[in-house]
Amino acid sequence: MNKSIFKPFLAILFITLFSNIVNAQKSVYSFSEELDNLTRADLLPVYRTGEYIEQVSSYDRTGKNDDGFGGTYSFIRKEGDNLVIADFKGPGVVNRIWTPTPTDDTVAFYFDGEKNARLRIRFSDLFSGKVFPFVKGISGNEIGGYYTYLPIPYKKSLKIVFEGEKVLFLQIQNRELPKQNVTSFTGNFSAEEKQRLKKLLRYILKYHPI
């Protein structure tokens with residue numbers, strides 16, 4: 001074989017093998033284990049490595065007190081008549097969405113650069129407990145506001161769009177998982193995952209009756 005051809009061939013082969021090794025070393029993200037984090041107190045002190053925690057919220061970027069009152073800082077940008085309230089790059093998982101001011105406007109979740117929203121739901125139904133899998137216990141409301149702790153994983157990216165004129169107070173907490181192979185949220189759960197959801201609900205009802 002010609003040496004001028006052989007060297008680039010070796011370089012390509014090395015890069016391919018190295019990429020496969022790196023990908024093989026990534027741990028597989030488990031939705032079931034994510035649910036365990038909501039019930040197992042022994043996991044609370046476990047130190048997470050290789051993860052980055054972030055939050056987008058309606059706080060006043062000028063340092064004043066317009067933290068959602070006017071909705072000025074409650075979105076990242078506009079897309080037509082809609083408001084982009086989060087735009088995460090993956091892999092990662094959204095762990096919490098909170099607001100004291102839910103509306104019946106639609107919230108659309110765009111996964112991995114898809115043009116069509118894979119999940120569309122009324123903003124209020126993220127917290128109402130009426131729409132599976134955002135059921136009572138995982139989602140609800142207390143004196144401090146409306147919340148959902150349902151994990152929403154994504155492989156490459158997640159853009160959340162509020163299809164309304166104004167959104168007020170808002171917090172969305174997210175974990176970047178660069179060292180994990182994450183499967184994006186589909187709404188289709190395995191038998192094991194459904195069992196974990198039921199276990200989680202039993203735990204919540206036992207220790208925190210609704």
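Colleague: Which residue does Val94 stand opposite in β14?
Modeller: Val94 stands opposite Asn174. Strands here are DSSP runs of E with at least two residues, and helices are runs of H or I with at least four residues, both numbered from the N terminus.

Colleague: What kind of model is this, and how are residues numbered?
Modeller: This is a predicted model, in which local features need pLDDT of at least 70, side-chain atom pairs count only at pLDDT 80 or more, and totals for chains, interfaces and linings use all residues. Residues are numbered from 1 along each chain as its sequence is written, and side-chain values use heavy atoms, with hydrogens and water left out.

Colleague: Back to β14. How many bridges join β5 to β14?
Modeller: Six bridges join β5 (residues 92-99) to β14, and these strands run antiparallel. Two strands count as paired if DSSP finds at least two bridges between them.

Colleague: Which strand pairs with β14 through residues 52-57?
Modeller: That is β2, which pairs with β14 (residues 171-176) in the antiparallel sense over six bridges. Within this pairing, Ile172 in β14 is the bridge partner of Val56.

Colleague: Now the open sheet. In what order do its five strands come?
Modeller: The order is β3-β4-β13-β6-β7, with antiparallel pairing. β3 (77-79) and β7 (119-122) each have a single partner strand, so one side of each has no neighbour in the sheet. From one strand to the next, the twist averages 30°; axes are lines fitted to C-alpha atoms, for helices over the stretch in contact, and angles run from 0 to 180 degrees between N-to-C directions.

Colleague: What is the bridge partner of Tyr110 in β13?
Modeller: The partner is Lys159. Strands β6 (residues 106-111) and β13 (residues 157-163) pair in the antiparallel sense over six bridges.

Colleague: Where is Asp112?
Modeller: Asp112 is in the loop between β6 and β7. Its phi is positive, about 55°, although Asp112 is not a glycine.
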